[in-house]
Amino acid sequence: MSKNEIPILEYDPNQNAIINPDVILTPEFKPVSGGLPKGCILCFYQEVLEEKAASGELEQVGIASTTNGELPTYIYETDDCEIAVMHPQVGAPMSVIIMERMIVQGCEKFIIIGGAGSLVH
């Protein structure tokens, strides 16, 4: 079998992707001052985020301007750590843009909460 016959099995030691998240560092991108925690929750339930923000459980630390409008960036504080929280928007392209923005600001580990594929409310 030649080297390129099944290219997905080839090992590439280069740690850089073809397109890296830091390409979004344009003058329009306003990162959260001081960066974000390593842990991040991307929650598709807008009503939950609004409720938690209104009750004071989420502290708004920034806002992202997107083609869909302005999206708040929150911090949720537990007894022993802080977690970044944001709505990733609907659709894979927009969700990836939001996730890359969070990566550039320091997030490394993600939990995504949503209802994709659910058949029952």
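Student: Why does Asp 79 count as exposed?

Tutor: In this predicted model, Asp 79 has a relative accessibility of 87%, and since exposed means over 50% relative accessible area, buried under 20% and partly exposed in between (1.4 Å probe, protein chains only), Asp 79 counts as exposed. Asp 79 sits in the loop that joins strand E3 (69–77) to strand E4 (82–86), where helices (H or I, at least four residues) and strands (E, at least two) are DSSP runs numbered from the N terminus.

The model being predicted, local features need pLDDT of at least 70 and side-chain atom pairs count only at pLDDT 80 or more, whereas totals for chains, interfaces and linings use all residues. Residues are numbered from 1 along each chain as its sequence is written, and side-chain values use heavy atoms, with hydrogens and water left out.

Student: What makes the surface patch that includes Asp 79 negative?

Tutor: The patch consists of Glu 59, Glu 77, Asp 79, Asp 80 and Glu 82, and Asp and Glu count as negative while Lys and Arg count as positive, with His and the chain ends not counted. Patch members have over 30% relative accessible area and no salt bridge, like charges being joined within 9 Å and nonpolar side chains (Val, Leu, Ile, Met, Phe, Trp, Tyr) within 5 Å; the place of a charge is CG of Asp, CD of Glu, NZ of Lys or CZ of Arg.

Student: What makes the pair Glu 108 and Lys 38 a salt bridge?

Tutor: Their side chains meet at 3.8 Å, N to O, and a salt bridge is a side-chain nitrogen of Lys or Arg within 4 Å of a carboxyl oxygen of Asp or Glu, so the pair qualifies. Glu 108 belongs to the loop between helix H2 (92–104) and strand E5 (109–113) and Lys 38 to the segment before strand E1 (39–43), so the pair ties together parts that are 70 residues apart in sequence. Both Glu 108 and Lys 38 are exposed.

The structure holds two salt bridges, and another pair is Glu 57 with Lys 52, whose closest N and O atoms are 3.5 Å apart. Glu 57, with a relative accessible area of 35%, is partly exposed, as is Lys 52 with 29%.

Student: How do you know whether Pro 88 is buried or exposed?

Tutor: Its relative accessibility is 1%, so Pro 88 counts as buried. Pro 88 lies in the loop between E4 and H2 and, leaving aside neighbours within four places in sequence, is in contact (heavy atoms within 4.5 Å) with Leu 42, Cys 43, Phe 44, Met 94, Ser 95 and Ile 98.

Student: Why does the phi of Gln 89 deserve mention?

Tutor: Most residues other than glycine have a negative phi, whereas the phi of Gln 89 is near 70°, a positive value in a residue other than glycine. Gln 89 is also in the loop between E4 and H2, and with a relative accessible area of 12% it is buried.

Terms used:
Accessible areas come from the Shrake-Rupley method with a 1.4 Å probe; for residues, only the protein chains shown count as cover.
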